[in-house]
Amino acid sequence: MPGRGPGQGQGGQGGQGQGRARGQDRGPDHGHSPDPGGGGRGHGSNSGGGPNPGGGYSGPPPGDGGHQHSPGSDGGHGHGHSHSHGPAAPVSKHLRKVIAAVLIPFGAAVLIGLAVLWPGGAPGHERTGVGFDRQTQQATVTKVDEVSCSSVNASGGVPTGDTSTAEGSSAQQQADGTCKKATIRVDTGDDAGRTFTEIVQPDQSRQLSEGQEVVVAYEPSAPEDLQYSVADVNRRVPLALLAGIFAVAVVAVGRLRGVMALIALAVSFLVLNFFILPAILQGSNPLVVAVVGASAIMLQALYLCHGLSARTSVAVLGTLISLLLIGVLGSAFISWAALTGDTDDNTGLIHGLYPDIDMSGLLLAGVIIGSLGVLDDVTVTQTSAVWELHEANPSMGRRGLYRAGIRIGRDHIASVVNTLVLAYAGAALPLLLLFSIAQSSVGTVANSELVAEEIVRTLIGSIGLVASVPVTTALAALVVSADRPTAQAAEEGVRAAPARGGGRGRRRKR
């Protein structure tokens, strides 16, 4: 039966409404119905008007026209216009300009900071021969013989001290036990091929075996027979193998994203080794160097891993705001708690070699850089969650998006803060064990600078992580809900994402 002219339809909220079609009653009608999830788009066939098999009604939502074609038996067809198709449209040019107006000056400031503070290499100094500040060479254990400890120990006689103590027990073992005499060949440096011997006591934690590769320390000012000594075991092969397994796992699961993540990781190490560390040693302010270096790491890592898009830019803004908060809190509380940053042999050696370095500033720089990796994870996750919520329901406003995103963020906060605290506790486990052995009170342990430093580091980083969730969620909700694509952009979306049926549309780049 002939219809009455061009078809017009209206779809109410949730994909329900009424449709009127004029053309031919039985002609195929390609309509676009709201997704049952509440705002997603779907495609289905409809005979005339009314409900279609796609789960909705062929008429467009209020305010839109429907683009429907109903060829009839007389060859005529009617059509309306609709622009409700597929997932959320890309962020508009206006919003891109607003984001660029914030991030381009920031990126330029980071580049200027890198250029101004670039150190050109770490300053040289005379080696002290203490700790890591020693000349080292690679060597191999060629022979190990068992000998009587009494024949090789300089002290000779039987100890007369209390053997119930650790010192007395060790002396007894050195007198009565069996020691090892290791012959070691130097493999690198000017003395390659030279051999020396070293006595290994039975109570030493590191025992040597034939064929083992070791690292030896070299002290040129010592007597010739004492110039070389074993400093450590060569662990390059197992570490390289483990790194290879890690890289393969990342690429196998992450594919292209995994490759980009590995590239970003390599660039981060380059920034750390060739900018941050040498610049601090050159005497630049550690806080300024950490801010510039961390910003450079953040920008390259996020954009390399997640692409140059508005969504990534929102994550960058959220990370930046959180880092600023960490910097302000860290500066205030490190100063208030009178933390010097000089708490162990390594920091003491650094301060002795480079007395101009601000050790408390170095502590704050470590807090900022240490928090950056977890911040990236939180901000990217929250931004992606808000974007996906908007795709699932484009009609949801910024308040609804924020509330839904913050519910996801609360779960993330609980797990991330726990992870951060446990990571610091695990790193300081030997120290905590020493306090437990000494049976010190919790207050005494917490008040010591060595532990207070870790407490301040952990709590400031955790506050920054907690704050990043509402900040990033609010920014993402504001950006994605403020976007209003033009009719022309939506019409291009129709051509780019043709109907597939079953309420699905082609994903489009955001």
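A residue is called buried when its relative accessible area is under 20% and exposed when that area is over 50%, with partly exposed in between. Because its relative accessibility is 54%, Ala338 counts as exposed. The model is a predicted one, and every value below is computed from it.

**Two positions with positive phi**

Ala338 lies in the loop between helix 6 and helix 7, and its phi is near 55°, which is a positive value in a residue other than glycine. Most residues other than glycine have a negative phi. A positive phi near 55° is also found at Arg255, although this residue belongs to helix 4; with a relative accessible area of 65%, Arg255 is exposed.

**A buried glycine in the loop**

The loop between helix 6 and helix 7 (345-353) also holds Gly341. Is Gly341 buried or exposed? Its relative accessible area is 7%, so it is buried. Leaving aside residues up to four places away in sequence, Gly341 touches Thr347, Met359, Leu363, Glu449 and Glu453. The C-alpha atoms of Gly341 and Glu453 are separated by 7.6 Å, while the two residues are 112 residues apart along the chain.

**Helix 1**

Helix 1 covers residues 93-117, and its 25 residues reach 35 Å from the first C-alpha to the last, close to the 36 Å expected at 1.5 Å a residue.

Five strands form an open sheet in the order 7-6-5-8-9, with antiparallel pairing. Strand 7 (195-200) and strand 9 (228-233) stand at the edges with a single partner strand each, so one side of each is left without a neighbour in the sheet. On average, and with direction ignored, neighbouring strands of this sheet are turned by 45° against each other.

| Strand pair | Bridges | Facing residues |
|---|---|---|
| Strand 5 (residues 135-148) and strand 6 (residues 178-186) | nine bridges | Ala139 and Val186 |
| Strand 5 and strand 8 | six bridges | Gln138 and Val215 |
| Strand 8 and strand 9 | five bridges | Tyr218 and Tyr228 |

Strand 8 (residues 213-218), which pairs with strand 5 and with strand 9, is mostly covered, since five of its six residues are buried.

**The chain as a whole**

The chain has 13 helices and nine strands, and of its 510 residues 37% count as buried. Among contacts between residues at least 6 apart in sequence, 65% join residues at least 24 apart; the contact between Gly341 and Glu453, whose positions are 112 residues apart along the chain, is one example of a link across sequence. The chain exposes about 27,700 Å², and carbon and sulfur atoms supply 59% of that area.

How values were computed
Residues are numbered from 1 along each chain as its sequence is written. This is a predicted model: local features need pLDDT of at least 70, side-chain atom pairs count only at pLDDT 80 or more; totals for chains, interfaces and linings use all residues. Side-chain values use heavy atoms; hydrogens and water are left out. Helices (H or I, at least four residues) and strands (E, at least two) are DSSP runs, numbered from the N terminus. The expected span of a helix is 1.5 Å times one less than its number of residues. Buried means under 20% relative accessible area, exposed over 50%, partly exposed in between (1.4 Å probe, protein chains only). Contact means heavy atoms within 4.5 Å. Accessible areas come from the Shrake-Rupley method with a 1.4 Å probe; for residues, only the protein chains shown count as cover. Two strands pair if DSSP finds at least two bridges between them. Axes are lines fitted to C-alpha atoms, for helices over the stretch in contact, and angles run from 0 to 180 degrees between N-to-C directions.
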